[in-house]
Amino acid sequence: MFQKPYNYYTMEIKNRHIYITTNIQCNLRCIYCYEDKSGNEVFDMDKAKKRLTQDLSQPSDDIVYINLHGGEPFLVFDKIKELCEWSWNQNFPTSHIFFATTNGTKVHGRIKQWLFENRHRFICGLSLDGTKEMHDMNRSNSFDQIDIAFFLKTWPSQGAKMTISPKSIVSLAEGVIYLHSIGFDNFDANLAYMVDWDKPDYLRIFYREMMKLSSFYKEHPNLRKCSLFERNFGILNQEDAKTRRWCGAGNEMEVYDIEGARYPCHLFFENVCGKEKSLLCHEIDFTNPEVYIQGECRTCPIYPICPTCYGANYIERGHIGLRDMNFCRMEKIRTLVIAKYQYDEIMNSNDDTDKLSAEELNKRLNTLDGIEKIMPALEEYQNMLKELL
């Protein structure tokens, strides 16, 4: 999955995203990878320059993030360097920052030097799947090839991307705690999409690991939670909750394949979903909110806060709104654990409410209201757990 630059979440100014596929090839064979990365194709420089000229020539208050997507992007470092330095010399009126998610194995020597010199205008997100044992299990024994300290020093606010596979889920909490321990304050952690989670043991293991994280964060309340342990229950109080989307696929992102053709997101590329589905995806009406919610999800009380991947849904079940029901049960467990954690955290707080900012007080009240809205569902999830355990 795409990793977003940290600034995407924090900057008040609006920003836009353009995704350019730089290459298809990758030097790793991660066990959860869903892309065909055997090709040697590389992006067309002239097409990329023309596209950026069109997008960056008109003055705008937006910041444009140009996401360079592979394969492993730094296998074609010289072409990336040429494109970036060309754009920086054009004096475009629209501010832009380049971003790439990398496995880190090629970020050494002159690549590392160039990135450090341009760290204010080129951000890297590192894929790091937890401890060395977890990472090596998932990602081709590549842990020792990564200069982790370089990423922490160069982009201290960016964090990492930790993907949890069926093999590494037994160490989920250990992996999260490890990333915190080495200095990652902000990072994404998510269960791998498009792999087989259809075993009851995974649910029991997931609950155990989420409870370990709950205990860990209670002991370290000032740590920023990893994304896996975040839930914005306040969303449940919003009138448009049922029509919220999880990403800009189809109408907000501009994603281009290796040939320069535009797609809803990179999961709709031919090398990901196959030629037939790749062609048919252009017939999907992404402006229709009904296409995003199908089946059991229509009546689910936690639907507005339950994440999904529209591309994965399309590939596996032929419809962007049909979700993996194995994730459904895991998301119920996740919701139950985090709801209890956040409720206890607010109710047991020793903060003087008179000294809280209006924003913080409103956030806490919103959270409690949202949790109360789904209380019957939480009791149902608790009963589900009793049967599992």
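What volume does the largest cavity have? In this predicted model, its volume is about 60 Å³. Local features need pLDDT of at least 70 and side-chain atom pairs count only at pLDDT 80 or more, while totals for chains, interfaces and linings use all residues. Residues are numbered from 1 along each chain as its sequence is written, and side-chain values use heavy atoms, with hydrogens and water left out.

A cavity is a set of points, on a 1 Å grid over the protein atoms alone, where a 1.4 Å probe fits but cannot get out. Grid points are joined across faces, edges and corners, and a volume is the space filled by probe spheres set on the points. Three cavities of 30 Å³ or more are counted by this rule. The lining of the largest cavity (residues with an atom within 4 Å of a point) consists of Ile20, Thr21, Phe43, Asp44, Lys47, Ala48, Arg51, Asp257, Ile258, Glu259 and Gly260. Four of these residues are nonpolar, two polar and five charged; Ala, Val, Leu, Ile, Met, Phe, Trp, Tyr, Cys and Pro count as nonpolar, Asp, Glu, Lys and Arg as charged, and the others, Gly among them, as polar. Strand E1 (15-21) and helix H2 (45-56) each supply at least two lining residues, and the largest share, three residues, comes from H2. Helices (H or I, at least four residues) and strands (E, at least two) are DSSP runs numbered from the N terminus.

Helix packing was examined next. Axes are lines fitted to C-alpha atoms, for helices over the stretch in contact, and angles run from 0 to 180 degrees between N-to-C directions. Helix H3 (residues 77-88) packs against helix H4 (residues 109-117) at about 20 degrees, with the axes 12 Å apart. H3 and H4 are therefore roughly parallel, the term for angles under 35 degrees; those over 145 count as roughly antiparallel, 65 to 115 as roughly perpendicular and the rest as oblique. In the contact (heavy atoms within 4.5 Å), Phe77, Asp78, Lys81, Cys84, Glu85 and Trp88 of H3 meet Arg110, Ile111 and Trp114 of H4. Five of these residues are nonpolar, none polar and four charged.

Helix H13 (residues 358-373) and helix H14 (residues 375-388) pack at about 60 degrees, with their axes 5 Å apart, and are therefore oblique to each other. Ile371, Glu372 and Lys373 of H13 meet Met375, Pro376 and Leu378 of H14, a set of four nonpolar, no polar and two charged residues.

Note on methods:
On a 1 Å grid over the protein atoms alone, a cavity is a set of points where a 1.4 Å probe fits but cannot get out, and a pocket is an open set with protein on both sides within 12 Å along at least five of seven lines; lining residues have an atom within 4 Å of a point.
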